[in-house]
Amino acid sequence: MANRSPIAPVLAEVVAPGRPLAIEAFDGSSAGPADAVTRLIVRDRRALNFVATAPSDLGLARAYVSGYLDLEGDMFTTLRMLAGERIGSMSLAERLGVLRRLGPGILRPVPPPPEEVHPGLWWGLRHSLSRDSRAISHHYDVSNRFYEWLLGPSMAYTCAVYPHPGASLEEAQEEKVDLVCRKLDLQPGQRVLDVGCGWGTMVLHAAKHYRARVIGVTLSRQQAEYGQKMIADMGLSDLAEIRHGDYRSVSETGFDAVSSIGLTEHIGAKNVPAYVSFLASRLRPQGRLLNHCITRPVTSAPARAGGFINRYVFPDGELEAVGEIISAIQDNGFEVRHEENLREHYALTCAAWGANLEEHWDEAVDEVGEGRARVWRLYLAGSRLGFVERRIELHQVLAVKTTDGISGMPVERLDFSVRKVSPS
């Protein structure tokens, strides 16, 4: 006990050197500017055990989700400050010195909060049908009411596209699905397959505004039930259908277009070629594919998501670089015709979702529990930071299934800026 130092000054040296972040600890110590607008509060010694035994985003997440540590003020701003922590650059001797100053028992393991999962072989083989179903259910079968508060009326859980500065989240989500429809050049009566359809935002939009005949498929039972009810309520049952199942279970072929909006992140890096080949097999000649997904900014980084994301948000999630995705598309029956990065738009989307969560915080806690609500608060702010700092990106890739060099694409340069949505 004699060697134990006041906690807050030690943490300030490690996690926020020279930054305007205030730190308070349960031992009564404090550090940092008294008038700081962001504040890290260590409420329980177990928070230090988490951080010491998992010195990464996982340790911080465990401490925060458990309630042993709080981040007060704007979460995004606080995480941006913490992103400057120097743990990764500290020598072994420096790390040992910090541990000694924090006192004996600092490396004692503490059980993680119940919101954490650790997928193993008991879930099945990675990216098998059964394990993928469990992973999707963990993330999406939470509560449709919770997602309504989080996502807003669009129920679109993918990057929005902001048509102008100051556009609302709803305007941006409608622009996103309409942009996909424009890129696919949807026409009345065409057959469309939307894999990983979520709650049916793309399915509903394509059927309502483009009079396309759309099949959506999702591994989340709650999503499928929600989407089917929306289809019935909007009187679109003659045009649209949402199935609960794996995209690989779709037996129909000859679709005019396939949209994949936010599915590629879930299928596994080694499965991308087979995934693209399967989608090609569902399309008619000259049919179009639009793939929309989060990507890594470089090919040299590992594909698998680790730490906090894998344990709390997306079990088995894997991100590929856009070059790897384009290569798989080109090597499996497609010609790439257009590509764009919407990274900044996803940062704005995460900020809007975060604001929605704060607006409905008490309701969200009552619905899903404080631990899970804390997971989402941390996840949204961290994801926003990742997009802002280009640690992750969001790419849309448009491709066509050419036959003997015939693409069916117009000779004119592609221009998707003019909305073609018709009044419903």
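Entry 1. For my own use: a cavity is a set of grid points where a 1.4 Å probe fits but cannot get out, and lining residues have an atom within 4 Å of a point. The model I am working from is a predicted one.

Entry 2. I noted a volume of about 70 Å³ for the largest cavity.

Entry 3. I then listed what lines the largest cavity: Glu115, His138, His139, Val142, Tyr312, Val313, Arg372, Val375 and Trp376. Helix H6 (129-140), helix H13 (307-313) and helix H17 (370-388) are the elements that each put two or more residues into this lining. Which element gives the largest share of the lining of the largest cavity? I found that H17 does, with 3 residues. Sorting the lining of the largest cavity by class, I have 5 nonpolar, 2 polar and 2 charged residues.

Entry 4. I turned to the pockets and took the second largest pocket, which holds about 340 Å³ of space. I recorded 17 residues in its lining, and those nearest the centre of the pocket are Pro153, Ser154, Thr201, Leu204 and His205.

Entry 5. I checked which helices build the lining of the second largest pocket. At least two residues come from each of helix H8 (169-184), helix H9 (201-210) and helix H10 (221-233). H9 has the largest share here, 5 residues. For the second largest pocket I wrote down 8 nonpolar, 6 polar and 3 charged lining residues.

Definitions and conventions:
Residues are numbered from 1 along each chain as its sequence is written. This is a predicted model: local features need pLDDT of at least 70, side-chain atom pairs count only at pLDDT 80 or more; totals for chains, interfaces and linings use all residues. Side-chain values use heavy atoms; hydrogens and water are left out. On a 1 Å grid over the protein atoms alone, a cavity is a set of points where a 1.4 Å probe fits but cannot get out, and a pocket is an open set with protein on both sides within 12 Å along at least five of seven lines; lining residues have an atom within 4 Å of a point. Grid points are joined across faces, edges and corners, and a volume is the space filled by probe spheres set on the points. Helices (H or I, at least four residues) and strands (E, at least two) are DSSP runs, numbered from the N terminus. Ala, Val, Leu, Ile, Met, Phe, Trp, Tyr, Cys and Pro count as nonpolar, Asp, Glu, Lys and Arg as charged, and the others, Gly among them, as polar.
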